[in-house]
Amino acid sequence: MEKKNGKELEKLLTYSLEHIAKRDGSIVSKSYDFCKGYKEFLTASKTERLAAENILSIAKEYGYSEFDPEKTYKAGDKVYVNNRGRAVILSTIGKKTVDNGVNIVASHIDCPRLDLKPNPVFENTDIAYFKTHYYGGIKRYQWAATPLAIHGVVIKTNGEKVEIHIGEDPEDPIFCLTDLLPHLSKDQGERKMRDVIKGEEMNILIASIPFADDNDVKEAVKLSALALLNEKYGITEREFINAELSIVPAGPARDLGLDRSMIGSYGHDDRVCAYTSLMAEVATTDPEFTSVSVYADKEEVGSAGVAGLSSDFMEHFIIYLSQMQGVNYLTTLKNSKCLSADVNAAYDPTFPDVMEARNSCYLNKGVVITKYTGSAGKSGTNDSTAEFMAEITNMLDSKGCFWQTGELGKIDQGGGGTVAKFISAKNIDTVDIGVPVLSMHAPLEVVAKIDVYTAYEAFVAFLNR
Ligand code: MN
Ligand code: MN
């Protein structure tokens with residue numbers, strides 16, 4: 001071997017990554033263009049139901065039809081499964097039979113939020129409120145004194161489904177939960193961070209004028225609020241029991257920064273992976289392997305529920321595909337590969353103490369591959385094999401994709417999980433991959449447009465491997 005100088009050896013032996021725009025300037029405008037559609041999707045998809053609806057309507061534009069297990073499909077056919085309006089599977093049938101494996105990309109479309117309690121309406125001192133029960137991991141204080149909207153459905157006792165959406169149109173009223181003024185926050189200031197706003201203090205302000213007539217009703221402001229809801233939606237207090245109504249940050253996704261290089265919005269986790277994998281799925285026309293793009297519910301509360309990925313609905317779809325092609329579905333599962341498409345925490349220079357700089361992901365360095373998640377001693381992790389890591393990273397390199405690697409912060413600072421462990425539990429090689437996010441789970445999360453675009457490119461590469 002020729003003798004190398006230090007500079008040459010450094011290039012050959014060490015590993016470090018530059019800002020992607022320094023490596024490929026052309027990606028900037030491509031990512032800005034791509035993110036226009038992403039911002040529209042985010043703004044229109046404030047709940048998992050709305051996200052599922054928008055995913056289905058985009059899929060139908062691209063020729064997806066409802067999957068029928070009794071039918072036979074040929075290579076290139078595109079099908080969808082709608083799981084109760086809360087989760088979606090999109091699939092493009094591949095040239096190879098599914099016992100060669102399918103390509104799964106699994107993201108989630110639920111986000112942290114405040115749900116209305118089943119009996120939510122109350123009045124106190126001539127003010128009417130909704131009581132809420134928060135969903136997912138939130139820092140509760142972030143939700144006080146900020147504009148909020150309400151989205152969801154009510155199933156009336158006559159079976160009719162009513163949709164409620166208030167607070168997004170600039171002409172709409174908004175809602176909020178109140179916080180104490182600094183002048184009277186001496187005791188609140190002594191509370192621990194998690195209790196600055198307590199769970200039972202998350203009451204949404206909804207009305208303050210009493211119902212106007214001569215009768216002496218007990219709670220006239222509450223009655224006035226119920227009357228307004230009844231007038232517009234035909235619902236009664238009893239019908240909140242059969243409802244899913246969520247309080248979310250009001251307003252659209254917006255460009256962030258003087259250079260517009262980032263997007264500030266509610267819901268990047270994980271609609272950023274849902275949208276990028278959706279765009280990759282619909283663009284996949286003639287794949288070798290059948291694609292299975294999953295947009296799941298309930299990840300933020302442990303993937304439970306009928307439309308979360310600890311439910312078998314995705315496996316059932318794979319079983320149907322296998323039966324249709326007359327192959328053993330266990331072989332299909334064993335040979336399948338999955339990208340668990342979820343966000344990771346980007347290194348935040350303002351809070352360096354919780355990050356391990358060598359093993360963090362960074363804004364503008366691309367989609368992040370996370371070998372393992374979990375907390376403490378990797379508890380609850382999928383921990384992808386070295387072989388599968390090599391397969392995916394080499395595949396991305398061979399297709400010219402930008403990517404980085406990262407852990408979720410310092411070992412003893414906390415941790416988290418994704419859908420990965422539920423899919424690998426089915427004997428499917430799985431690794432986490434997704435977009436770096438600042439202020440994850442906050443009402444305003446931040447992503448970099450370049451990273452969003454690299455996620456899309458990575459999913460295109462995988463679905464066309
Ligand atoms: Mn997530
Ligand atoms: Mn999350």
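This report walks through a metal site and a sheet in a predicted model.

## Ground rules

Residues count from 1 along each chain as its sequence is written, while chains are lettered from A and ligands numbered from 1 in the order in which they are written. Local features need pLDDT of at least 70, side-chain atom pairs count only at pLDDT 80 or more, totals for chains, interfaces and linings use all residues, and side-chain values use heavy atoms, leaving out hydrogens and water.

## The manganese site

Let's start with the manganese ion (ligand 1). His108 (NE2), Asp269 (OD), Asp342 (OD) and Asp342 (OD) coordinate this ion at 2.1 to 2.5 Å. Donors here are N, O and S atoms within 2.8 Å of the metal (3.2 Å for Na, K and Ca); water is not among the atoms, so sites may look incomplete. Along the chain, the donors are spaced H-x160-D-x72-D.

Asp269 also bridges to the manganese ion (ligand 2), and the two ions lie 3.3 Å apart. Asp269 sits in helix H7 (residues 268-283) and Asp342 in the loop between strand E14 (337-341) and strand E15 (344-345), so the pair ties together parts 73 residues apart in sequence. Helices (H or I, at least four residues) and strands (E, at least two) are DSSP runs, numbered from the N terminus. Both Asp269 and Asp342 are buried, meaning under 20% relative accessible area (1.4 Å probe, protein chains only).

## The sheet

Now for the strands: nine of them make an open, mixed sheet, ordered E1-E2-E3-E13-E4-E14-E20-E16-E18. Strands E1 (65-66) and E18 (403-405) are at the edges with a single partner strand each, so one side of each has no neighbour in the sheet. Two strands pair if DSSP finds at least two bridges between them. E2 (residues 78-83) and E3 (residues 87-92) run antiparallel, joined by six bridges, and Val81 stands opposite Ile89 in E3.

Conventions: Buried means under 20% relative accessible area, exposed over 50%, partly exposed in between (1.4 Å probe, protein chains only).
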